[in-house]
Amino acid sequence: MYSIRIPRAHLFAKVSFVLFIFFTIFTTSIPFQDTLQEAGEVGTTNIISVALFPLLFLLSLIALIPNIKKIVDIIKKEKMLSIFLLWAFFSISWSSYPDTSFKRWFQIFDYFFITIVFLSHYNSIEEIAKSLKPIVYMYLAISIIVVFIVPGAKDPRFGSWRGLT
């Protein structure tokens, strides 16, 4: 079997993962908004999410190619997660909101796919932690500052802190 070599594929995986974690933690929406009440209210109005997550998926897809055998082995080992993803995909067919359900499924699949591709390139816990620490520290610091400065950073119903998100 021929091996496809993609120069710096590990960088594609890392960039995709770091951006994914960053935008998952910080979100792409405006902070302190009211929550949606029904699934039908979910739209594609957030252009950043609409463009960003498929782009990150494509970056991870490029990074997948050199490690495809390793990723297949991981998927085989994690059978229950694979079964869950398949079940969730098939459940779209009987959903009241199939478009919204597919979008949510794709988000869950993105979480799985981007993470598994990243982990296939980096085996060391230290390398993974080095990628995550700056994002988590920045989020914690900004959230603590925001709670004291922005009145909307506290939940209006319960008065509890909610930080940026």
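Start where helix α1 crosses helix α2: the crossing is left-handed. Left-handed means that the near helix is turned anticlockwise from the far one by less than a right angle; clockwise makes it right-handed.

Before going on, note that this is a predicted model, in which local features need pLDDT of at least 70, side-chain atom pairs count only at pLDDT 80 or more, and totals for chains, interfaces and linings use all residues. Residues are numbered from 1 along each chain as its sequence is written, and side-chain values use heavy atoms, with hydrogens and water left out.

**Stop 1: the whole chain**

Show the chain as a cartoon. Count 6 helices and 0 strands. Both are DSSP runs numbered from the N terminus: H or I of at least four residues for helices, E of at least two for strands. Along the sequence the pattern reads α-α-α-α-α-α.

Now colour by burial. Of the 165 residues, 29% count as buried. Buried means under 20% relative accessible area, exposed over 50%, and partly exposed in between (1.4 Å probe, protein chains only).

Next, contacts, meaning heavy atoms within 4.5 Å. Among those between residues at least 6 apart in sequence, 70% join residues at least 24 apart.

**Stop 2: α1 and α2**

Select residues 9-26 for α1 and 47-64 for α2. Their axes come within 8 Å and cross at roughly 155°. That makes the pair roughly antiparallel. Axes are lines fitted to C-alpha atoms, for helices over the stretch in contact, and angles run from 0 to 180 degrees between N-to-C directions. Under 35 degrees is roughly parallel, over 145 roughly antiparallel, 65 to 115 roughly perpendicular, and the rest oblique.

Show side chains. From α1, pick residues including Phe-12, Leu-19, Phe-20 and Phe-23. Facing them from α2, residues including Phe-53, Leu-56 and Leu-59 take part in the contact. By class, this contact has 13 nonpolar, 3 polar and no charged residues. Ala, Val, Leu, Ile, Met, Phe, Trp, Tyr, Cys and Pro count as nonpolar, Asp, Glu, Lys and Arg as charged, and the others, Gly among them, as polar.

**Stop 3: α3 and α5**

Select residues 68-77 for α3 and 98-121 for α5. Here the axes come within 10 Å and cross at roughly 120°. The two helices are therefore oblique to each other. Their crossing is right-handed.

Show Lys-70, Ile-71, Ile-74 and Ile-75 in α3. They meet Phe-112, Ile-116, Val-117 and Ser-120 in α5. The residues of this contact divide into 6 nonpolar, 1 polar and 1 charged.

**Stop 4**

Zoom in on Ser-120, in helix α5. Its relative accessibility is 2%, so Ser-120 counts as buried. A polar atom of its side chain lies 2.7 Å from the backbone oxygen of Val-117. Leaving aside neighbours within four places in sequence, Ser-120 is in contact with Asn-67, Lys-70 and Ile-71.

Follow that list to Asn-67, in the loop between α2 and α3. Asn-67 is buried, with a relative accessible area of 16%. With neighbours within four places left aside, Asn-67 is in contact with Ser-120 and His-121.

**Stop 5: Leu-81**

Finish in helix α4, residues 79-90, and select Leu-81. Leu-81 is partly exposed, with a relative accessible area of 35%.

Methods
Polar contact = N/O pair within 3.5 Å; in protein donor to acceptor, adjacent residues only side chain to side chain.
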